[in-house]
Each structure stands twice: as structure tokens, then as C-alpha cells.
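Subject: Handing over a structure

Hello,

Here is the structure I promised to pass on to you. Please have a look at it first, and then read my notes below.

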Amino acid sequence: MTLFPGVALITGAASGIGRATALAFAISGCQKIAIADRSVEELVQTQDSIAKEAPNAAVETIMVNVAQPESVAAMTARIATRWGRIDYAVNAAGIQGPAQRSTELTLDEFDEINNVNYRGLWLCSRAELAQMLTQTPLPSHDSRPGNRGAIVHIASQLGVVSRSTAPAYCASKSAVISLTRSDAIDYSKENIRINCVCPGLVETPMTQGSSEQRELFASAIATAPMNRMGQPSEIADVCLFLCSSKASFVQGASLLADGGYTIN
Ligand SMILES: NC(=O)c1ccc[n+]([C@@H]2O[C@H](COP(=O)([O-])OP(=O)(O)OC[C@H]3O[C@@H](n4cnc5c(N)ncnc54)[C@H](O)[C@@H]3O)[C@@H](O)[C@H]2O)c1
């Protein structure tokens, strides 16, 4: 029996951690998967990978700009029309922005990072919560009571500690951690769980930047006791655990998956 009998939605599913999470749901037996991103061509690649790994999974491919409220509303409405529910939502869409100190960062750059990473994630979460509030809980994998829905945000180790030349990014990720806690308090009584994952450095297109950035990343890798980058599938598995009924008592957590970076 699969741990995922319900409907999954993954934003940022065209690349990196979001794509790996969509694929992990499919491989784990989830049969109804909505993949959403602003990058349509890459989304189709995710869809093809799912079709290869799990031909029986139904996939809804949605173009979304998480920074736009109407686009987010249309995304959840489309899933509601097709499947009537959203049981697991992983909000992975995010951007890094330029490597600059605050005095070099323009207002537009600051706004863009926050419009996607914080405000955009909140828009998605709010729409997902609104749908989940209409649902009855799914049964769990054993006799414990099931949840009405589970949301996982992708924050970052940089929401817990900071690094040089990323003030808006780090702050946006701290905001996600705080939002996770606030919503977890507010929606516990409705039996919805909200948690976040704080990845360390993960090998995705986001971390294949300029040589300057790669230098920063090299020193971050050296700081982490495990002394390596993570793989997207390693973050995906944490997301799946938090979405599953095996995590039925995990609420408002910020789960670090960072090779030990923040303990050093
Ligand atoms: N890679 C890392 O080292 C790392 C570490 C910690 C946290 N994160 C976070 O993990 C998440 C996924 O990052 P990734 O490394 O997979 O990066 P990525 O660049 O590979 O994927 C990000 C995806 O988000 C999508 N996206 C960006 N803006 C969007 C928008 N406005 N609307 C819809 N989709 C949008 C992009 O098109 C892309 O497909 C991000 O939130 C990122 O901040 C990444």
C-alpha cells in the first residue's frame, strides 16, 4: 500500500528539488500529481520523467507564476476541478537573486526575491490551506487518525544561519520558517500539518552560478561536517516523510537537511 493515496502538488517542479520531489511522489506510488512552475519547457521534462518511472501516475502540468495571486488561484482551482482535493503540497519554487550586500541591492531585486520566496510561497500556502479546509481527512497507513492535508515549504539553512552577500534571500527564508510556525499553530485545530525543510547546499541549477558564487559554495561545503553537497533526491525524501502519515505528530518543524552545516 502506498503512503500517498491522495493528491500531490509541487511548485518549482520544473527543476532541482521540486522536480526530484515530484518524481519521488510518483515512484512512491502517488497516482495524482500536479506539477507547477513558470518554466513550461522544463516542466514537460519533469512530466516525461514521471511517465517513464511511473506510467500509471496521472499528471496535471500547470504553468504558474507564484508571485501573481491570480495565477496561484488558477493553479489550485485547476487541481480542485480535476481531483477535488490537495493532500500534499510542497512549495519549492524559489530564486536566489544576485550576490550583493544590502547597499548594492536594488529595491527591485529585493522585491523580486521576496515576491517569489516569501510572498509567493505565502500565496501558494494560503490557496492550498483554503482547499484543504474543505476536505475530509484521508485514512493513514495504520490506525492513527489521518490529516486533512500536509504542507511542506522549502526554506533553507540560510533561514537559520546567514551568509555573506545574500541579505534578502536569507531574510526571505527566515520568513518562511516563521510563517510555517504561525500557520502550524493556526491550522492544527483543523488537522492540517505545516512544516518546512531547510536544505543545505544542494546540487541543482540554482547552485551552478558564477565562479564567485562557486567559491562561496566551496567554503560552505568545507564547513559542513559531511563535506559534500546534497542531492535533490535527499531533500525530496525529507519532503515525502513530512507529507506522509508517518509524520502525523510533526507540526511547525523546520527540518534541517544540511550535512551538518548548522551544527559546526
Ligand atoms: N539548491 C540549494 O542549494 C538550495 C538550498 C536551500 C534551499 N533551496 C531552495 O529550494 C528551492 C528549490 O531550489 P532549487 O535548488 O531546486 O532551484 P532551481 O532553480 O533548480 O528550481 C527552482 C524552480 O523554481 C521555479 N520558479 C522560480 N520562480 C518562480 C515563480 N515566480 N513561479 C513559479 N516557479 C518559479 C523555477 O522556474 C525553477 O524551476 C528554492 O526555494 C530554493 O531557495 C535550494
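**Cavities, pockets and the ligand**

Lining the second largest cavity are Thr11, Val66, Asn91, Ala92, Ala93, Val116, Gly120, Leu121 and Cys124. By cavity I mean a set of points, on a 1 Å grid over the protein atoms alone, where a 1.4 Å probe fits but cannot get out; a lining residue has an atom within 4 Å of a point. Helix α5 (residues 119-132) gives the largest share of this lining, 3 residues. Helices here are DSSP runs (H or I, at least four residues), numbered from the N terminus. The volume of the second largest cavity is about 30 Å³, where a volume is the space filled by probe spheres set on the grid points, which are joined across faces, edges and corners. Its lining has 6 nonpolar, 3 polar and no charged residues. In this count Ala, Val, Leu, Ile, Met, Phe, Trp, Tyr, Cys and Pro are nonpolar, Asp, Glu, Lys and Arg are charged, and the others, Gly among them, are polar.

Before you go further, please note that this is a predicted model: local features need pLDDT of at least 70 and side-chain atom pairs count only at pLDDT 80 or more, while totals for chains, interfaces and linings use all residues. Residues are numbered from 1 along each chain as its sequence is written, and side-chain values use heavy atoms, with hydrogens and water left out.

How many cavities of 30 Å³ or more does a search of the whole structure find? The search gives 2. The largest cavity has a volume of about 160 Å³ and is lined by 18 residues, with Tyr88, Leu138, Pro139, Cys243 and Ser245 nearest its centre. That lining divides into 8 nonpolar, 8 polar and 2 charged residues.

Now to the pockets. A pocket is an open set of grid points with protein on both sides within 12 Å along at least five of seven lines. The largest pocket holds about 920 Å³ of space. It is lined by 41 residues, and Gly94, Ile95, Tyr169, Thr204 and Met206 are the closest to its centre. Two or more lining residues come from each of α1, α6 and α7 (211-223), and α7 gives the largest share, 5 residues. By type, the lining of the largest pocket has 21 nonpolar, 15 polar and 5 charged residues.

The second largest pocket has a volume of about 200 Å³. Among its 18 lining residues, Met229, Gly230, Ala257, Asp258 and Gly259 are the closest to its centre. Both α7 and α8 (232-243) supply at least two residues of this lining.

Where does the ligand sit? The space it takes is the largest pocket (more than half of its atoms lie within 2 Å of the pocket's grid points). Around the ligand are 29 residues, of which Ser15, Asp37, Tyr169, Val202 and Thr204 come nearest; a residue counts if one of its heavy atoms lies within 4 Å. This shell has 16 nonpolar, 10 polar and 3 charged residues, and α1 (16-27) and α6 (167-187) each supply at least two of its residues.

- A polar side-chain atom of aspartate 37 is 2.6 Å from an oxygen atom of the ligand.
- An N or O atom in the side chain of asparagine 65 lies 2.9 Å from a nitrogen atom of the ligand.
- A polar backbone atom of valine 202 is 2.7 Å from an oxygen atom of the ligand.

On its own the ligand has 820 Å² of accessible area, and the protein covers 93% of that (Shrake-Rupley method, 1.4 Å probe).

Best wishes

Notes: Polar contact = N/O pair within 3.5 Å; in protein donor to acceptor, adjacent residues only side chain to side chain.
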